[in-house]
Amino acid sequence: MTANLIARDAEGSVQAVLRLLESGNARLVSIFADVDEDGVKRVRYLMDIKREYRVIGVPITGTLQSVTPASPAAAWYEREIHDRYGVEFDGHPDLRPLVTHPADYRFLEVQGVGVCELPVGPVHAGIIEPGHFRFSIVGDTVLHLEPRLFYTHKGTEKLFEDTSVANGAMLAESVSGDNCFSHAVAYSQSVENAFGISVPPRGRAIRMIGLELERILAHIADVGALCGDVGCVVPAAYTARIKESLLQASTRCFGTRFWRGIATPGGVRRDLSAENARAFGNAVALAAADFADMARIALDTPSVHNRFEGTGVLDCKIARDLGVVGPAARASGIRIDVRRDHPYGHYRKIAVEIPHFQPGDVLARAHQRIEETRVSASLIHDALHELAAGIVRTPVPCDSSAEGFSAVESPRGELLYWIRIRDGKIARCHIKSPSFQNWPSVPFAVHGNITADFPLINKSFNLSYSGCDR
Amino acid sequence: MIFDIVQRSLSSPRVLIPVEELLANSMGSRMPGVHAQALTATIARRAAASCSASALAIEDADGRSILSLDYGKCTGCGHCIETGEGAIFHAESIPCGVSRQALVLRWDVERGVELQYDESMLTAAAREIRAIVGGALNIRQVDGGSCNGCEAEIAALTNPYYDLERFGIHFVASPKHADMLLVTGPVTGNMAEAVKKTYEATPSPKLVVTVGACGCSGGIFAQSPEVAGSVDSIIPVDTYIPGCPPTPAMLLTGILQTLRQR
């Protein structure tokens, strides 16, 4: 196996899921529905039990008991299944439409003296994705924020169906464009898990280089954008230059700016010459050092530090209840990372340093990204120096049937693909997106802050709309 | 401290790419070009069969076999290049900021020649805007439901390598301030109304440039019931920039080409 996990479905019950959640040893990863080969409609609960993924399938007969009261992390998953499969969840506090946009949708109304509503979006003022935010404010202070997303819902999971296993990687790349490589690798690993295929060591290392590069690109851009959001525009332009230098190095060494078209089930489609490996390693080292210096200077600047510190605090308990993943979780003191907890590919051979911070404010999320950039650059450095010789890809059967899933630590956190393959074509694909998981936590971080700080807080999470909406 | 920031910034290298190196340069787009002379019927057939985006097709015109390549659908997956035996290669220049028809190239497979297309005229709106503001465009970017890949590249236009502002072009916060809408797609069912309203809020004369395979044709999402369609199925479009995503150089070429500034 090249990837982190393989476990067969256990037929179970909602009670079993609830018992696991109440035991305190399990974390809810995802919930999705599927109509199986045997014609039975099931809801599947993906759990992380003491660093082991488990899937529990529950046949749908009438209504199901909601697990949201036991684990609020389930709230959006159950709403989505309610939208898409018409499954009723008994005891769910809020089953309003999530993915669909009926005209009679009602936002939660906050009542009281001086409360007013501020609608923003879906079209925003910058070069960003669409989504609607309904603020209930008193003066400058946000009492409540309700995000209304899924404007970029493209029915992507459904589009996977009948796609060949090989072409699925291309679709995965278009789930969230800025994390395209993480998606393609998670998808490819799920195919490899399903078929029990191993990726050659060199292919695994090249994948890891791409995954860490994607993290560096995301974090560098985010720290720059955070500075830009508080009017400190020079670091924003500076980091944009560093990011572009890495995209151009990628073009020179891999023929692609964002590593599209590289990952494929069985390995990678591009090898790296010794000369390119050296050039790429130098570009990453230079960029990481340059970024570290600028980030330190920028965050030491009082006008930046003052705006970041204490702003948009995500409480550790709330983050845990909502199943928050990725840098946002780690900046609130929750030490989870798929690379360490469920190692896959090249990460099975190495120990990854997982930085974390306690405060959960914008400053902590900025520091989190800066530290992770440092770690990623050193991982790339090591991988390039110990790059195994040999092939980068193994063949994949093209007409078999199987089921598999796999997770990667994308720049935004735990990203998991679950697929069922019938005769070499995808019959069902579920994507657990870190953005879908983390979006419900943003209103908690915004609560009590001033409206003008919302863009800053939102940027500090930097969630993907398309990744969430799919 | 702020002075350290300024000092460091001033001592950083100058990276601005000269405009001559950017125009008509599609390096890194991963999209294919075709050597007409090296093309054979077998290569053409195999390439068309390998295309995962239905961008390559074999057409029959009066008994002649024509290979057509629709850049408006191409995602740069590279399968055709892998099977193309050198006759199909990574293109160095791809039409950007042109009409939809001009994105479709055709080759006569047997005779090995590229068939010419009619280059479209400058649109009326483009003529009018050029007369008013010259090239100093105000652009409003609209995401009609994209994967954000195009947004990442559009945002890169403002970095110190490309520096769109050197042309007097900048991105504005409201459609009411815009001369040009730069719209990505596919336009989803949930975004169709917002895209229409944004178009209506933009004062005339206005230009609409659609960006990316999904914007041009719906791309790999064209068949989804959750997707309303390409941008031109929702609002009138002047020109098209293909790519998945288009590189900043292609975006710049397309924006300038729309006004025939270069």
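One cut-off to keep in mind on this tour: a residue counts as buried when its relative accessible area is under 20%. Also bear in mind that this is a predicted model.

Select A:Asp48 and A:Arg27 and show their side chains. They form a salt bridge, with 2.9 Å between the closest N and O atoms. A:Asp48 sits in strand S3 (residues 41-49) and A:Arg27 in strand S2 (residues 26-35), so this pair ties together parts of chain A that are 21 residues apart in sequence. Both A:Asp48 and A:Arg27 are buried.

**Stop two: S2 again, with a partner from S13.** Now pick A:Asp34 and A:Arg420. Here, too, there is a salt bridge, the closest N and O atoms being 2.9 Å apart. A:Asp34 belongs to strand S2 and A:Arg420 to strand S13 (residues 413-422), so the link joins parts of chain A that are 386 residues apart in sequence. Is A:Asp34 buried or exposed? Its relative accessibility is 2%, so A:Asp34 counts as buried. A:Arg420, at 3%, counts as buried as well.

**Stop three: helix H3 and strand S14.** Move on to A:Glu157 and A:Arg428, whose side chains meet in a salt bridge (3.1 Å, N to O). A:Glu157 is in helix H3 (residues 156-160) and A:Arg428 in strand S14 (residues 425-432), so the pair ties together parts of chain A that are 271 residues apart in sequence. A:Glu157 counts as buried at 11% relative accessibility, and A:Arg428 is buried with a relative accessible area of 5%.

Now widen the selection to A:Asp34, A:Asp36, A:Asp38, A:Arg42, A:Arg44, A:Glu80, A:Glu157, A:Arg420, A:Arg428 and A:Arg470: salt bridges that share partners join these residues into one network. Over all chains, a search of the whole structure finds 49 salt bridges.

**Last stop: helices H5 and H6.** Switch to cartoon and select residues 180-195 (H5) and 201-229 (H6) of chain A. How do their axes cross? They come within 9 Å and cross at roughly 145°, and the crossing is left-handed. Show side chains for A:Cys180, A:Phe181, A:Ser182, A:Val185, A:Ser188, A:Gln189 and A:Glu192 on H5, plus A:Arg207, A:Gly210, A:Leu211 and A:Glu214 on H6, and you have the residues that make the contact. Colour them by type, and they divide into 4 nonpolar, 4 polar and 3 charged.

Note on methods. Residues numbered from 1 in each chain as written. Chains lettered and ligands numbered in written order. Predicted model: local features only at pLDDT ≥ 70, side-chain atom pairs only at ≥ 80, totals over all residues. Heavy atoms only, no water. Salt bridge = Lys/Arg side-chain N within 4 Å of Asp/Glu carboxyl O. Helix = DSSP H or I, 4+ residues; strand = E, 2+ residues; numbered from the N terminus. Buried < 20%, exposed > 50% of the residue type's maximum accessible area, 1.4 Å probe, protein only. Axes fitted to C-alpha atoms, helices over the stretch in contact; angles between N-to-C directions. Left-handed = near helix turned anticlockwise from the far one by under 90°. Contact = heavy atoms within 4.5 Å. Nonpolar A, V, L, I, M, F, W, Y, C, P; charged D, E, K, R; others polar.
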